[in-house]
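Subject: Structure handover

Hello,

Here is the structure I said I would pass on. My notes on what was found in it follow below.

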Amino acid sequence: MAKQLGGITNVPCPNSLEFEDLACFAIQDYNHKHPDSNGLLEFGKVLNVKEQIVDGIMYYITLEATENGKKKEYEAKIWVKKWEDFKKVVEFNLVGDDGPKPVGGIIDISCQNSLEFQDLARFAVDDYNHKHRNSNSALEFVNVLGVKEQIVAGIMYYITLEATDGGKKKKYEAKIWVKEWEKFKEVQQFKQLIGDE
């Protein structure tokens, strides 16, 4: 049966070395990003694997790991493009932490104050200023207020940010398309949020 593009399918043999390696990669990524947490996660076993054909394959790996001696279940969402030797942990959540994510839908990101999103927000503000350099004022980035993402051919980020315009703080939403493997990023939309003072 042909795989439906964008549909999530169960992988019949989740206990292969390939998925154990991906699960370990996700745990290492988590431990690297959370060095100040109570304890490092240690890989236990892979419980389930689903895959989604995107630009590459998105794996949803349910795994067991121990933290301070306690076994917990996590779901890792890992984007793989073998032909480019590319893999990235898109999400890593404690199972039961929040509900299932809609596929291809727009989801909230909890760690919006990461350097990655601040850099993207600054990129959007710089892009706006460059396109409107003949106007009297230039925006100055202040901070990121919220981030949503959508898996497309790459990732579409919806970043709500605060910037000053002529000394006055205003809220904006930037829609930024990112394809990391191509070093590609482009501001698709940048607009002021009106009536949201």
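Predicted model: local features only at pLDDT ≥ 70, side-chain atom pairs only at ≥ 80, totals over all residues.

Some totals for the chain. There are 197 residues, and 40% of them count as buried. The accessible surface is about 11,700 Å², with 48% of that belonging to carbon and sulfur atoms. Among contacts with a separation of 6 or more, 47% are between residues 24 or more positions apart.

The helices. H1 covers residues 17-33, which makes 17 residues, and reaches 24 Å from its first C-alpha to its last, close to the 24 Å expected. Its buried residues are Phe19, Leu22, Ala23, Ala26, Ile27, Tyr30 and Asn31. The spacing in that list can be read against a general point: an α-helix has 3.6 residues a turn, so residues three or four places apart point the same way. The cover over the buried residues of H1 includes strands S2 (41-54), S3 (56-67), S4 (70-81) and S5 (86-94).

H2 runs over residues 115-131; it has 17 residues and also reaches 24 Å between its first and last C-alpha, close to the 24 Å expected. Buried in H2 are Phe117, Leu120, Ala121, Ala124, Val125, Asp127 and Asn129.

The strands around S8. Strand S8 (residues 154-165) is mostly covered, with 11 of its 12 residues buried. S8 runs antiparallel to S7 (residues 139-152), and 12 bridges join the two. One of the paired positions is Glu140, whose bridge partner in S8 is Thr164. S7 and S8 make a hairpin with 1 residue between them.

S8 is also joined to S9 (residues 168-179), by 11 bridges and again antiparallel. Here Ala163 has Lys170 in S9 as its bridge partner. This hairpin has 2 residues between its strands, and Gly166 in the turn has a positive phi of about 60°.

Asp85 sits in the loop between S4 and S5. Its phi is near 55°, a positive value in a residue other than glycine. Is Asp85 buried or exposed? Exposed means over 50% relative accessible area, and Asp85 is at 75%, so Asp85 counts as exposed.

Regards

Note on methods: Residues numbered from 1 in each chain as written. Heavy atoms only, no water. Helix = DSSP H or I, 4+ residues; strand = E, 2+ residues; numbered from the N terminus. Expected span 1.5 Å × (residues − 1). Buried < 20%, exposed > 50% of the residue type's maximum accessible area, 1.4 Å probe, protein only. Contact = heavy atoms within 4.5 Å. Areas by Shrake-Rupley, 256 points an atom, 1.4 Å probe, with all protein chains shown as cover. Pairing = 2+ DSSP bridges.
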